Amino acid sequence: MLHVAKLARLQLDEDELQKMAVELSAVLDHVDRIRELDLEQVEPTSHAVDLAGVMRADQPIPCLDRDAVLAAAPEPVDGGFGVPSPGPSGE
Amino acid sequence: MSAWIELTAAEAVAKLRAREVGARELFEAYRERAAADDLNAYTWVADGAPDPIPGPDTRLAGLPLAVKDLFCTIGIPSQAGSKILKGYRPPYTATVVDKLLTAGATLLGKTNQDEFAMGSSTENSAFGPVLNPWDRRRVPGGSSGGSAAAVAAGIAPWAIGTDTGGSIRQPAALCGIVGLKPTYGACSRYGMIAFASSLDQAGPLTRDVTDAALLLSHMVGHDPRDSTSIAMPEPITVPTAEDLNGIRLGIPEELLGGGAEDGTGIEPGVRASFEAALKLAEGLGATVDTCRLPHAPHALSAYYLIAPAEASANLARYDGVRFGLRVAGDADLETMYGRTRGEGFGPEVKRRIMLGTYALSSGYYDAYYGAAQKVRTKIAEDFAAVFSEFHFVVTPTSPWTAFELGAKTDDPLAMYLNDFCTVPMPLAGIPAISIPSGLSDGLPVGFQLAGPAFSENRLLDAAYALERAIGFDAREARSA
């Protein structure tokens with residue numbers, strides 16, 4: 001659970017982790033039923049409608065205004081998005 | 001003015017166009033009702049009518065519209081029911097909203113919803129639950145619960161919502177209104193805050209089928225900003241069918257169990273209403289027979305792997321950097337991400353992010369996400385086989401009528417079973433509509449029809465004929 005929470009960048013407290021472990025195992029027990037199916041020869045579907053090679057003209061178009069975008073940022077810095085230091089580990 | 005409130009949206013547009021009522025006057029009548037909303041259906045209501053207001057010569061003649069908060073609206077709060085987007089005012093407007101405003105609709109308000117559209121009761125909103133106008137101790141369904149409750153209560157003439165696994169059809173059913181999920185790609189997803197991108201579709205929530213057709217006709221179309229959007233092969237037309245002669249309806253045996261192993265999942269009152277509607281359909285000339293969707297019982301499992309997996313990727317953008325909440329203190333970047341997301345997301349969203357992250361993680365990908373995508377193929381094949389013999393598949397929309405607030409919040413799996421009859425359709429990308437079939441113990445029941453991709457006009461026609469035969473009376477919900 002802790003590993004998945006780290007992958008998901010979610011800080012969860014001990015109570016949340018315990019509760020979620022119980023709830024997710026119930027859901028996983030249910031979804032595990034798809035393992036009963038023989039899916040060996042089946043092609044996966046990532047998109048329900050048959051679309052292929054959708055391309056648009058490679059031409060520049062106007063984008064959102066910088067100030068309008070930065071107006072929604074929690075901490076704009078010098079015309080960009082401000083972030084805290086990556087920290088000592090520098091991962 | 002209350003007489004105007006009783007009009008359907010299509011009737012109101014006709015009166016506006018005939019100059020029998022002014023757009024500003026009608027807007028103000030609805031705005032007063034919306035501002036006095038005691039169902040918590042709205043998270044934002046307009047201060048006043050837009051100036052200038054669209055005139056009687058525009059196609060929608062200034063008729064007010066309620067918009068689910070999942071749609072971005074420029075300069076207007078678009079919070080998706082989430083604390084992490086509290087106060088967020090986007091710098092652009094969703095294509096679907098833009099098209100409707102261009103057609104002459106006016107924005108009345110933004111409606112409450114389950115956080116990021118994850119839920120079936122609208123109890124997962126950071127802005128509090130929505131109440132069902134038929135019984136305020138009960139949920140309106142979800143995730144488009146605010147839109148459904150607002151339309152049912154007559155505090156909006158009509159509304160738009162989004163459907164990923166049933167989020168338009170199920171609240172429409174529980175609130176006694178009409179809800180339509182279009183074919184995947186019929187409506188642009190540009191500016192719709194993403195949940196599960198391969199499933200999400202916008203659609204109408206309306207008082208009747210005619211309104212659904214009218215609203216949808218202004219929503220569909222290819223959008224260069226959404227490469228998965230597709231032009232409809234024909235324009236959406238207002239339905240006129242008076243009978244169902246020659247129409248073959250298939251009842252999938254696998255869905256009538258409603259998700260319970262012993263086949264008792266569908267409430268007796270819901271089943272009785274469903275069967276009464278089928279009798280009416282036969283009276284209109286339809287033939288009704290059972291059909292098989294052998295993989296439908298696995299649709300819920302596939303859905304609860306695919307949707308969380310896509311959500312876990314889509315919701316990675318809420319990291320406290322470009323918009324929304326940041327919880328930092330003196331923390332480093334990595335800790336800031338974790339704290340922001342830990343505090344900003346509610347329990348259901350966290351659950352789904354965890355589930356999706358797990359399903360996509362190394363060593364589990366093939367067993368979960370990969371297998372779910374293969375099940376999706378089988379479900380689409382099942383529907384294709386049924387549609388070679390039947391025009392439409394019919395089921396109850398939800399196994400239950402509206403349940404009491406809090407009744408299912410402690411059991412996520414029980415909540416997910418709400419979607420048993422509605423998840424197979426988005427997995428196959430096909431359209432489906434829910435219309436009210438009657439009441440069970442004073443609460444509305446929804447009847448679902450699903451058809452092949454791009455069969456919206458035929459689906460609307462069939463639903464229209466059946467709606468007239470059913471003659472559902474929804475006035476009670478508007479009188480409270």
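**Figure 1. The contact between chain A and chain B in the predicted model.** In this predicted model, 46 residues of chain A are in contact with 57 residues of chain B. On the side of chain A that touches chain B, the elements giving two or more residues are helix 1 (2–7), helix 2 (14–31) and helix 3 (66–70) of chain A. Helix 2 of chain A supplies the largest share of this side, with seven residues. By residue type, the side of chain A that touches chain B comprises 30 nonpolar, seven polar and nine charged residues.

**Figure 2. The open sheet of chain B.** In chain B, 11 strands form an open sheet with mixed pairing, in the order 1-3-2-4-6-5-10-11-9-7-8. Strand 1 (42–45) and strand 8 (287–291) of chain B lie at the edges; each has a single partner strand, so one side of each is left without a neighbour in the sheet. On average, and with direction ignored, neighbouring strands of this sheet are turned by 30° against each other. Helix 3 (residues 23–35) of chain B packs on the sheet and touches strand 1, strand 2 (64–68) and strand 3 (106–111) of chain B. The direction of helix 3 of chain B makes about 10° with that of strand 3 of chain B.

**Figure 3. Strand 6 of chain B and its partners.** Strand 6 (residues 201–206) of chain B runs antiparallel to strand 4 (residues 159–163) of chain B, and five bridges join the two. Within this pairing, Asp163(B) has Gln201(B) as its bridge partner, and Thr162(B) stands opposite Ala202(B). Strand 5 (residues 178–181) of chain B is also antiparallel to strand 6 of chain B, to which two bridges join it. Here Val178(B) has Thr206(B) as its bridge partner. Strand 6 of chain B is mostly covered, with six of its six residues buried.

**Figure 4. The largest nonpolar core.** This core contains 171 residues, of which Leu65(B), Ala149(B), Ala150(B), Ala156(B), Ala159(B), Leu305(B) and Ala463(B) touch the most other members. Helix 9 (residues 299–314) of chain B contributes the largest share of the core, 10 residues. Beyond its neighbours within four places in sequence, Ala149(B) is in contact with Leu39(B), Ala41(B), Val130(B), Leu131(B), Asn132(B), Pro133(B), Pro140(B) and Cys175(B).

**Figure 5. Helix 10 of chain B.** Helix 10 (residues 333–344) of chain B consists of 12 residues. From its first C-alpha to its last, helix 10 of chain B reaches 16 Å, close to the 16 Å expected at 1.5 Å a residue. Its buried residues are Met336(B), Tyr337(B), Gly338(B), Arg339(B), Thr340(B), Arg341(B) and Gly344(B).

Conventions: Residues numbered from 1 in each chain as written. Chains lettered and ligands numbered in written order. Predicted model: local features only at pLDDT ≥ 70, side-chain atom pairs only at ≥ 80, totals over all residues. Core = buried A, V, L, I, M, F, W, Y, C linked by C-beta atoms within 7 Å. Buried ≥ 20, exposed ≤ 12 C-beta atoms within 10 Å, placed from the backbone. Helix = DSSP H or I, 4+ residues; strand = E, 2+ residues; numbered from the N terminus. Contact = placed C-beta atoms within 7 Å. Pairing = 2+ DSSP bridges. Axes fitted to C-alpha atoms, helices over the stretch in contact; angles between N-to-C directions. Expected span 1.5 Å × (residues − 1). Nonpolar A, V, L, I, M, F, W, Y, C, P; charged D, E, K, R; others polar.
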